[in-house]
Amino acid sequence: MSSAELNEFVEKVRERSDIVSVVSRYVQLNLKGGKYWACCPFHDEKTASFSVTPDKGLFYCFGCHEGGNLFNFISKIENISYFDAVKLQAERVGVPLPSRKKTPRELEQENEEKILRKIVEQAKNFYRDFLIETAEGETGRKYLNSRGITIDVIEKFQLGYAPNSWESLAKNFLRRGFTEKQLVSAGLVSERKGSGVYDRMRGRVIIPIADIFGHVVGFGGRILNSEDEKNSPKYLNSPETILFNKRNLLFGLDKAHDSISKKNCAIVVEGYMDAISLVSAGVENVVATLGTSFTVEHAKLILRYARKIIFCYDSDDAGQKATVRALPIVREAGAEVFVITVPDGKDPDDFIRKHGKKDFDKLIKNALGLVEYRMNFVLKTTEHSTLGGKIDALRKILPVVVNVKSSTRRSEYSKKISRELVLDESVVLQEWQKFSNQSADEVSKLPQKKFQVKTPAKNKFDSAKIAAGEVILRMAWHECDLLGYVLSLVPKEVFPKVHREIIDYLEKCFAEDRRPNDVTAAAELSETANTELSRIILSGSDSPRDNELSAFEDSVKTLRLAYMKEVYARKLRETENYIDSGNPEYAKLFRESLKLKNEMDELRFAI
């Protein structure tokens, strides 16, 4: 794909997109003074400082200084590259990717993936039809009915049933023209020793598993006969394939992401039957892991839609340990973490079928924060009747409370810990301090690569010069040819480094006879420069043209004066070297300095 084709594609996607609609998928925007405002999704805040200006197609946060166009926003909020953000938005608005000549290997891989998608889609229909339309499917229908799963939910999740036969699906799909190798690659059959294949899923309720776009990529199977559980796992997933990777998939997210976004909260359960039961009862913002530990990739998927994640794993030891393992992953990813502890040792499915949505909503409301849950878990799972046991429990609690910033909350936690462990509070505070010092020492030895809030580049340049430079860049954004006039009076070095990068971009646009826009700016500027340019553009007032020109002229004079001051100071230092030498260079430098001084006085009077 040529750069011209790429630019045309990106521009077409932008033309069909509305930045307000895009951002509204993730945050609640409110119109005020011609701009839309919200609390920033990129940092914690209580007062809205995140703005979207639709007529300019840009966003900017005056708190953390993130900014850019709609593709920059998607890239940041989705944790994907800029071009992947363009492709994602293209799919949303129905703009096809421009074609290019692909290598034979790429064509082969693309064809293989198309075939596998076709196979799993037809397999979904095969299992669903078997559940709904056959006599043998009655086994599956009775089981689902016993779980309170209605026909509407069956249709919503496209549930099915696998015949209790070794080769039903295999024979059916071989007759359709698919090969054994393709069925194995799709994860639907396994190879026999020697030759031939057999169905992986047999006598199970089938749950199709889809990616975020709703494309089926694999299946889960729930065994129905408790006797069979002695010889086979209760739940069985498709094996890893080109399409199916459990670390990057969350069951139900394709259906739940709108509800998760609206409620700014996702409930994570362990199994798809838990998720289906909760959805059946009216809890829609729920997703499930697929028999694997919660991963960083899972956290990133959810954080596209919500900052708050509530874990609702089984109440047994395995479920609680899985919760404990997941919590630091989510916290490090930047989410607000809460935990529901289902009473009576039940799992979410059991609880909601017995007590209903109203009582489950109470569990959500009373969900424990990360610190409280960790404290309760340690106190419940450690023997702390002896002094050694108390200190051991204390040291398991400290890693999650040591990062609490609020002095009031630290005081509350220290009191609670001392009360629960029957320890003097001074002992708790002593160990707390010891752990804090140890943590700080360990962190100082690690490579530092933590997130830092970005601020507009100001370094050694004073505020007047910065403000003047911003006015000039804002004007040059609309009329690039003005830069020639500015740079004839002041060199680029007068501008800070980030502004020089923007000037280079604007000069390139002028030289190539093209208008600068947010798409090419995002593609050609560094992230820092693009964010700074967005801030500059959005910080401008909607003042009349005459006022804009007046501000521009004053800004040029301000930078010219600053430049001349630097040159004048340099000339004076050079002149001092010749004062007593009788060198004719002295007179020359003196005249130049005097000329600069007179021009500076005139500029001061003019500003």
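What is the volume of the largest cavity? About 30 Å³. The model discussed here is predicted.

## Overall make-up

The protein has 607 residues, and 46% of them count as buried. Its secondary structure comprises 25 helices and 16 strands.

## The cavity

The structure holds 1 cavity of 30 Å³ or more. Lining the largest cavity are Leu-58, Trp-477, Asp-518, Ala-521, Asn-530, Leu-533, Ser-534 and Ile-537. By class, this lining splits into 5 nonpolar, 2 polar and 1 charged.

Two elements, helix 22 (518-524) and helix 23 (527-539), each supply at least two residues of the cavity lining. Helix 23 gives the largest share, 4 residues.

## The second largest pocket

About 1400 Å³ of space lies in the second largest pocket. Helix 5 provides the largest share of the lining, with 7 residues.

In total, 42 residues line the second largest pocket. Nearest its centre lie Lys-87, Glu-91, Glu-113, Arg-117 and Phe-213. The lining holds 20 nonpolar, 6 polar and 16 charged residues.

Helix 14 covers residues 348-365. Its end C-alpha atoms are only 15 Å apart. A straight helix of 18 residues would span 26 Å, at 1.5 Å a residue. Where does the kink in helix 14 sit? The kink is centred on Gly-356 and amounts to about 120°.

Six residues of helix 14 are listed here as buried: Pro-348, Asp-349, Phe-351, Ile-352, Phe-360 and Leu-363. What do the buried residues of helix 14 pack against? Their partners are strand 12 (265-269) and helix 11 (272-280). A general point on helix geometry applies to such lists. An α-helix has 3.6 residues a turn, so residues three or four places apart point the same way.

Most residues other than glycine have a negative phi. Two residues are worth checking against that rule.

Gln-158 has a phi near 55°, a positive value in a residue other than glycine. Gln-158 sits in the loop between helix 7 (151-157) and strand 6 (160-161). Is Gln-158 buried or exposed? Gln-158 has a relative accessible area of 17%. The cut-off for buried is under 20%, so Gln-158 is buried.

Asn-264 also has a positive phi, near 50°, and is a residue other than glycine. Its loop runs between helix 10 (253-263) and strand 12. Strand 12 is also one of the elements against which the buried residues of helix 14 pack. The relative accessible area of Asn-264 is 33%.

How values were computed
Residues are numbered from 1 along each chain as its sequence is written. This is a predicted model: local features need pLDDT of at least 70, side-chain atom pairs count only at pLDDT 80 or more; totals for chains, interfaces and linings use all residues. Side-chain values use heavy atoms; hydrogens and water are left out. The expected span of a helix is 1.5 Å times one less than its number of residues. The bend at a residue is the angle between axes fitted to the seven residues ending there and the seven starting there. Buried means under 20% relative accessible area, exposed over 50%, partly exposed in between (1.4 Å probe, protein chains only). Contact means heavy atoms within 4.5 Å. On a 1 Å grid over the protein atoms alone, a cavity is a set of points where a 1.4 Å probe fits but cannot get out, and a pocket is an open set with protein on both sides within 12 Å along at least five of seven lines; lining residues have an atom within 4 Å of a point. Grid points are joined across faces, edges and corners, and a volume is the space filled by probe spheres set on the points. Ala, Val, Leu, Ile, Met, Phe, Trp, Tyr, Cys and Pro count as nonpolar, Asp, Glu, Lys and Arg as charged, and the others, Gly among them, as polar.
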